[in-house]
Structures are given as C-alpha cells and as structure tokens.
Amino acid sequence: MLISLTQDLMHCTAFATADEYHLGSLSQDLASHGYVEVTSLPRDAANILVVGVENSAKEGDPGTIFFFREGAAVFWNVKDKTMKHVMQLLEKHEIQPYEIALVHWENEELNYTKIEGQSKLHRGEIWLNSELDLDDAILEKFAFSNALCLSVKLAIWEASLDKFVESIQSIPEALKAGKKVKLSHEEVMQKMGELFALRHHINLSSDFLITPDFYWDRENLEELYDKTCRFLSITRRVKVCRVGAKRNVLIFDLHSVLFRVSVLTIQDGIIDIRSTTEDTSFSEEQYLDNQTVMNEKLQHCMELTDLMRNHLTEKRALRLEWMIVILITIEVMFELGRVFFLIK
C-alpha cells in the first residue's frame, strides 16, 4: 500500500472547551446557521452530536464536526474560519467553560489522509479507508474522535492539577522550616474539595479507565479507539485505583542508552520484577496494573491537604485545651477569693 508523497494531508483537531455541552440547544443553533446534522449514528452512540460542513478545508473528504456532551469538539477537515465561527457558537451552550487560552493551548491535532485498504493509525497519522461509505466512515472517525476527546479533557485536568500543585508548593517548605501555615480550616477543606472533584472526574465520571460499551461488539472500531488511546498515552496519564496491599510500580529508566521500562510488584516488603522491556509497546492490561502519573500527583496532594487539615485540627484542639485551662484557673481564683473573704 503506497501513499503519494505529494498528496495533501488533512487535519483533525480536538478542543475541550467546557465541562459539558447542552447538545439539544446546540443542535438547533447550528441548524439555524446552515450546519447539517448527521443522524446515521447507531442508537448506542449516545451523548454525541455530528454535523457536516458545507465547504471543507481540502478536497477529498467532507468536513465533519463531532461534539461530545463531555465538553469536547473534534473538527475533521474544517476551515479555520469555520472552526472559529463554531467555537463562538459553542460559548452559548457551554456549562462551566474553560479559559480560552487554556483551550487553545491544550488542543490535539493529527494529520490524516485517505488510502486504499484498512483504516489505521500509523506513526501518529490517521489513514482512513477511501472505499468506505459515508456511514462507516463516520463511525471510524467517531472512534478516533472519542480518543482525542479523552486526551484533551485529560490535558485540561492535568493543567488544573498543575495549577493546584503550584498554589500549595510553598506549604511543605513552610512546614519543614517550622513556619506557620497561613490557611484557615475552611480554605483547607476547599482545597480538599477541589482535589476530590478532580479525582471524581477522572476515576468515576469518565471513560479514561475502561473501553466504552459502544465498542464491545465492534472490534474494528475498538482497535482504532484503543490504538489511538495508547498513542496519546491516556492510560499512562491516569492511574487505576487498586484495592489491597499489593502495589504495582512503573519505572522509567532515562539514563540508559535505550529507553527501558520495568514493572515491579511490591507486597509485604518483597519486590518482584514482573517485566523489563526496551520499548514502549505495553498492552492495555499492563498499563491498567501500573501506578501512573496523574493519580500519583493527586495522591500526593491529598496527603498534603490531609496533613494541613490535621495540623489545623491539632491547633484547634490545643486552643480548646488552653481555653479549658483558663476557665478552670478563673474558677479556682473565684473560689479562692470566696474562701479568703469568708475567712476574713
């Protein structure tokens, strides 16, 4: 299978702009501006809106936009002017929108082209089967878009976590130096609430940890989705919470000539080397057993906020103890004064 080197590549770009979209009102708004909704998706492809664009950026593939209820949009072969117009329309239908600068900074873009043969992700480039009919082509684009949606949403949350870490980075040094931590109990509880909300988004209310049910009986689409997720390192960026005393650790050796990755299991003080490899082609199951970056940062922040809360609780308990001591002292002084006046 050969691809002409002179063939123009088309672009697929993904943005996460808000926590959620109102797809119903968005659909009506887009229709009033001349965008045509694609209604050929299966019923189990829920929480998604697909629209066609009249004039695509390049010839060879119709312009298509995927809107996910989770607050992400993926543009296929869409002109920059059209993209900007759609992003402006989106603003009226967003729930908890993100900062514009962050949205454009944390986007994902992949090149794609049409080929003869099976669709695939090849060296960071999407190859789409040119022989597919429109409905099947939409489904394959949906699989790629689904993975891109997860990646940009995760990027936004990673940025939020980095911002949170920056806001508390002075606290460990202050504690180490024996200085006072200038945070009230309410502020500490607010910080903990921010972390729990972020952890809830990643571990419970998203598809980061499992393959969506939509792909269970569509193996070809599942393969496209999984390979794109692996290419975007989604599983490595998220930790699957595990229950039990066993802990699996992923070690990256960056000092050797070859990039080496080792998987260790630690239990009851015993370290077991499960595997070592000099490439990064781990399976999804191996990734699901590893402690990965995003939740490790969250766990560290949770431990720090727990430490701050305990510190404030101890201060409050100490203050109460001193109040009790003072009250007892005052009562003793009154009693001594009464006895003194009786004797006198």
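This dialogue examines how terms applied to a predicted model follow from its computed values.

Trainee: What makes up the protein chain in terms of helices and strands?

Mentor: The predicted model has 10 helices and 13 strands in the protein chain. Of its 344 residues, 41% are buried. The accessible surface comes to about 20600 Å², and carbon and sulfur atoms account for 55% of that area.

Trainee: Why is Asp61 called buried?

Mentor: Its relative accessible area is 6%, and buried means under 20%, so Asp61 counts as buried. The residue lies in the loop between strand 4 (48–52) and strand 5 (64–68).

Trainee: What makes the pair of Asp61 and Lys114 a salt bridge?

Mentor: The closest N and O atoms of Asp61 and Lys114 are 3.1 Å apart. A salt bridge requires a side-chain nitrogen of Lys or Arg within 4 Å of a carboxyl oxygen of Asp or Glu, so the pair qualifies. Asp61 lies in the loop between strand 4 and strand 5 and Lys114 in strand 8 (residues 108–115), so the pair ties together parts that are 53 residues apart in sequence.

Trainee: Why is Lys114 called partly exposed?

Mentor: The relative accessible area of Lys114 is 22%. Partly exposed covers values between the 20% limit for buried and the 50% limit for exposed, so Lys114 belongs in that class.

Trainee: How do you know that the side chains of Asp61 and Tyr112 are joined by a polar contact?

Mentor: The contact is 2.6 Å, and the cut-off for a pair of N or O atoms is 3.5 Å, so the distance meets the criterion. The side chains of Asp61 and Lys114 are also joined by a polar contact, of 3.1 Å. Beyond its sequence neighbours up to four places away, Asp61 touches Met10, Ser56, Asn77, Tyr112, Lys114 and Lys141.

Trainee: What makes Arg218 and Asp44 a link between parts of the chain that are 174 residues apart?

Mentor: Their side chains meet in a salt bridge with an N to O distance of 2.9 Å. Arg218 lies in the loop between helix 6 (185–203) and helix 7 (219–231), and Asp44 in the loop between strand 3 and strand 4, so the pair ties together parts 174 residues apart in sequence. Arg218 is buried, at 18% relative accessible area, whereas Asp44 is partly exposed, at 41%. Asp44, Asp217 and Arg218 are linked in a network of salt bridges. The structure holds six salt bridges.

Trainee: Why are Lys227 and Glu223 said to be separated by about one helical turn?

Mentor: The two are four residues apart in helix 7, so about one helical turn separates them. Lys227 and Glu223 form a salt bridge, with closest N and O atoms 3.1 Å apart. Lys227 is partly exposed, at 37% relative accessibility, and Glu223 is partly exposed as well, at 38%.

Trainee: Why is Glu140 called buried?

Mentor: Glu140 has a relative accessible area of 9%, which is under 20%, so the term buried applies. Glu140 lies in helix 4 (residues 134–168). Outside its sequence neighbours up to four places away, Glu140 touches Ser119, Leu128, Asn129, Leu132, Asn220, Leu221 and Leu224. The C-alpha atoms of Glu140 and Asn220 are separated by 8.7 Å, although the residues are 80 apart along the chain.

Trainee: What makes Val103 a buried residue, and where is Val103 found?

Mentor: Val103 is found in helix 3 (residues 100–105). Its relative accessible area is 5%, under the 20% limit, so Val103 is buried. Leaving aside neighbours within four places in sequence, Val103 is in contact with Phe15, Ala16, Thr17, Met87 and Tyr98.

Trainee: Which residues form the nonpolar patch on the surface, and why is Leu318 called partly exposed?

Mentor: The patch consists of Leu318, Trp322, Val325, Ile326, Leu327, Ile330 and Phe334, with about 750 Å² of accessible area together. Leu318 lies in helix 10 (residues 293–343). At 46% relative accessibility, Leu318 falls between 20% and 50% and therefore counts as partly exposed.

Trainee: How many disulfides does the structure hold?

Mentor: The structure holds zero disulfides. Cys149 is buried, at 2% relative accessible area, and Cys229 is buried, at 9%.

Technical notes:
Residues are numbered from 1 along each chain as its sequence is written. This is a predicted model: local features need pLDDT of at least 70, side-chain atom pairs count only at pLDDT 80 or more; totals for chains, interfaces and linings use all residues. Side-chain values use heavy atoms; hydrogens and water are left out. A disulfide is a pair of cysteine sulfur atoms within 2.5 Å. Buried means under 20% relative accessible area, exposed over 50%, partly exposed in between (1.4 Å probe, protein chains only). Patches are made of residues with over 30% relative accessible area and no salt bridge: like charges are joined within 9 Å, nonpolar side chains (Val, Leu, Ile, Met, Phe, Trp, Tyr) within 5 Å. Accessible areas come from the Shrake-Rupley method with a 1.4 Å probe; for residues, only the protein chains shown count as cover. A polar contact is a pair of N or O atoms within 3.5 Å; within protein, one must be able to donate a hydrogen and the other to accept it, and residues adjacent in sequence count only if both atoms are side-chain atoms. Contact means heavy atoms within 4.5 Å.
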